[in-house]
Amino acid sequence: MKRLNSQLQEDGAPMELILLLRTLLAGCKEIAFRVSQGALAGVLGSTLSDNVQGERQKKLDVISNQILKDILSESGYVKAISSEEEDDVVPCNPEGKYLVSFDPLDGSSNTDINSLIGTIFSITHAPQWMKPDDPSAFLQPGTQIVAAGYVLYGPSAMLALTTGRGTHLYTLDKTHGGFLLTTPNVKVPEKTSEFSINTSNQRHWEAPIQAYINDLLAGTEGPREKDYNMRWVAAMVGDIHRVLSRGGIFMYPYDKRDPSKAGKLRLLYEANPMAFLVEQAGGLAETGTGRIMEVMPTEIHQRVPVLIGSKEEVETCLSYNNKN
Ligand code: AFP
């Protein structure tokens, strides 16, 4: 089986980006190990502090964030880091060529139930004019991302990675410690009969998404004339892995509760990297009013509505915006 290095070279990734990715993934392998130790290493449960989003941090959120921060800032390749678990950007090497954004442990509430979690990341070039502690350089649209991916800590640890030449899936071979290519050029099927949304929020959605979900739930008796299945992992990394593996539509739509939040998911740490992966696999990634990757961020912790998945299903979902 092909190794990560060979695939990255075949995809034309520059050597410094390959080295940065290998460094970042070394951190993810350490997180995979810590996660697998669970209660034996005392890493489960919550801390007594909240992150900048006002969410109570899990011990594994803090541990994973520290592992990635340490390994990336010592690498020399990185000018600055932005993390879901950090209030501000973390300055690294002033000569570093890249900026890295990450959610160190997505779905961390799943640690309580030994269920799917993962690390999501994206990499852009660092502008030369940028001072390492300047957050404004992170405010680039997703179209500027040069590499994005996630590592899913599941029954096996899997990496989904794109450098803009398709999306490839790798599996961590724990016997020698490397990621081996197990599904090259993954393709998201254009049609699906599977959807993914937290329906407990239904009363807070806007009318078009309410109408769309009602039609899916009506099954063969409704206008869609087929039965749909529903799945919810409560970790975007798990839900998007399913979309990449067998298609589907994943939604965290605009929510009327707090207009300033405009959805739950974070543009830099969750929506953009997943959008790049899914688009590179032939799917669509939209906010409801435009392409996720074209959103111009106004702040590093910005949230955005998300509709991601099989092309025809996302298009159908969007068509409800034009219905009365
Ligand atoms: P946590 O990392 O705080 O558990 O949140 C995960 C997440 O941001 C995303 O990965 C999930 O899709 C979403 O939240 C699940 O949220 P709810 O199940 O609470 O609606």
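Strand E6 contributes the most to the lining of the largest cavity, supplying three residues. The model is predicted, with local features requiring pLDDT of at least 70, side-chain atom pairs counted only at pLDDT 80 or more, and totals for chains, interfaces and linings using all residues. Residues are numbered from 1 along each chain as its sequence is written, and side-chain values use heavy atoms, leaving out hydrogens and water.

The structure holds one cavity of 30 Å³ or more; a cavity is a set of points, on a 1 Å grid over the protein atoms alone, where a 1.4 Å probe fits but cannot get out, and lining residues have an atom within 4 Å of a point. The space in the largest cavity is about 110 Å³, a volume being the space filled by probe spheres set on the points, which are joined across faces, edges and corners. Among the residues lining the largest cavity are Leu99, Ser101, Phe138, Ile145 and Asn272. Two or more lining residues come from each of E5, strand E6 (117–125) and helix H6 (267–280), where helices (H or I, at least four residues) and strands (E, at least two) are DSSP runs numbered from the N terminus. The lining of the largest cavity comprises six nonpolar, five polar and no charged residues; Ala, Val, Leu, Ile, Met, Phe, Trp, Tyr, Cys and Pro count as nonpolar, Asp, Glu, Lys and Arg as charged, and the others, Gly among them, as polar.

Turning to open space, the largest pocket holds about 410 Å³, a pocket being an open set with protein on both sides within 12 Å along at least five of seven lines. Its lining has 26 residues, with Gly107, Ser108, Ala234, Lys264 and Arg266 nearest the centre. By class, these divide into eight nonpolar, six polar and 12 charged residues for the whole lining. Domain 1 (4–183) and domain 2 (194–322) each give at least three residues to the lining of the largest pocket, the bounds coming from an automatic or database domain assignment. The centres of the two domains, taken over C-alpha atoms, are 23 Å apart.

Helix H4 (residues 207–217) and helix H7 (residues 311–319) pack at about 130 degrees, with axes 8 Å apart; axes are lines fitted to C-alpha atoms, for helices over the stretch in contact, and angles run from 0 to 180 degrees between N-to-C directions. H4 and H7 are therefore oblique to each other, since angles under 35 degrees count as roughly parallel, over 145 as roughly antiparallel, 65 to 115 as roughly perpendicular and the rest as oblique.
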